[in-house]
Amino acid sequence: MIRLAHRGDIPRMITLGREFYVQTTHARHIPFNEVSTGFLFEAMLTSPDSAVFVIEQDGQVVGGIGGTLSAATYNFDCRVVMENFWFITSSCRGSLEAVRLIRTLEKWSAHNGAALIMLGAFDHLRSSALGKLYTKMGYEASEHVFVKGVSQ
């Protein structure tokens, strides 16, 4: 079942977020911070310009997606939704649940007047499979982000 997240989901979302984050390139430069992550989820749950949806199976949250609505960079008359995070347990990867989770964020985005939705994929985390999924769902590749640690 996919539903809007609530405050009671935050501890589980932090756990899932950590499991995902430690696999990313960003984790080599910025350590996971449970308090910051909890604050992010709390802020998104209370903001009218954000939405967090979770997948629940057998009473346990097994995935989630969150997006934030904002003005488009080059045209403030248009709104876009940027995915802040999305993750799903390995047991659900490749299932229709992932598609349903994305479609739920799409519906929320359209309902809130977004002209565009942006989803990300980390290069070394099944990005080829995820790219194929996104393409099948009507998305097109738009940019590639490069990162470099700069702290001393």
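Biologist: Which helices supply at least two residues each to the lining of the largest cavity?
Modeller: α1 and α2 do. This is a predicted model, with local features needing pLDDT of at least 70 and side-chain atom pairs 80 or more, while totals for chains, interfaces and linings use all residues. Residues are numbered from 1 along each chain as its sequence is written, and side-chain values use heavy atoms, without hydrogens or water.

Biologist: What lines the largest cavity?
Modeller: The lining consists of Ala5, His6, Asp9, Ile10, Met13, Phe41, Leu45 and Val52. A lining residue has an atom within 4 Å of a cavity point, on a 1 Å grid where a 1.4 Å probe fits but cannot get out.

Biologist: How much space lies in it?
Modeller: About 30 Å³, taken as the space filled by probe spheres set on the points. The structure has one cavity of 30 Å³ or more.

Biologist: Where does α1 lie?
Modeller: Helix α1, residues 10-21, lies across β2, β3 and β4 and runs at about 85° to β3. Angles are taken between N-to-C directions, from 0 to 180 degrees.

Biologist: And α2, which strands does that touch?
Modeller: Helix α2, residues 34-46, packs on the sheet and touches β2, β3 and β4. Contact means heavy atoms within 4.5 Å. The direction of α2 makes about 135° with that of β4.

Biologist: OK, the sheet. What's the strand order?
Modeller: The sheet is open, has five strands in the order β1-β2-β3-β4-β5, and its pairing is mixed. Helices (H or I, at least four residues) and strands (E, at least two) are DSSP runs.

Biologist: Which strands stand at the edges?
Modeller: β1 (2-4) and β5 (114-118) do; each has a single partner strand, so one side of each is left without a neighbour in the sheet. On average, neighbouring strands are turned by 25° against each other, direction ignored.

Biologist: How do β2 and β3 pair, parallel or antiparallel?
Modeller: Antiparallel: β2 (residues 50-57) and β3 (residues 60-72) share eight bridges. At least two DSSP bridges make a pair. Val54 stands opposite Gly64 in β3. Two residues separate the strands in this hairpin, and Asp58 there takes a positive phi near 50°.

Biologist: How many bridges join β3 to β4?
Modeller: There are 10 bridges between β3 and β4, and the two strands run antiparallel. They form a hairpin as well, with two residues between them. Ala72 faces Asn75 of β4 across the pairing.

Biologist: Last one. In which sense do β4 and β5 pair?
Modeller: Parallel, over four bridges. One of the bridge pairs joins Val81 to Ile117 in β5.

Key. On a 1 Å grid over the protein atoms alone, a cavity is a set of points where a 1.4 Å probe fits but cannot get out, and a pocket is an open set with protein on both sides within 12 Å along at least five of seven lines; lining residues have an atom within 4 Å of a point.
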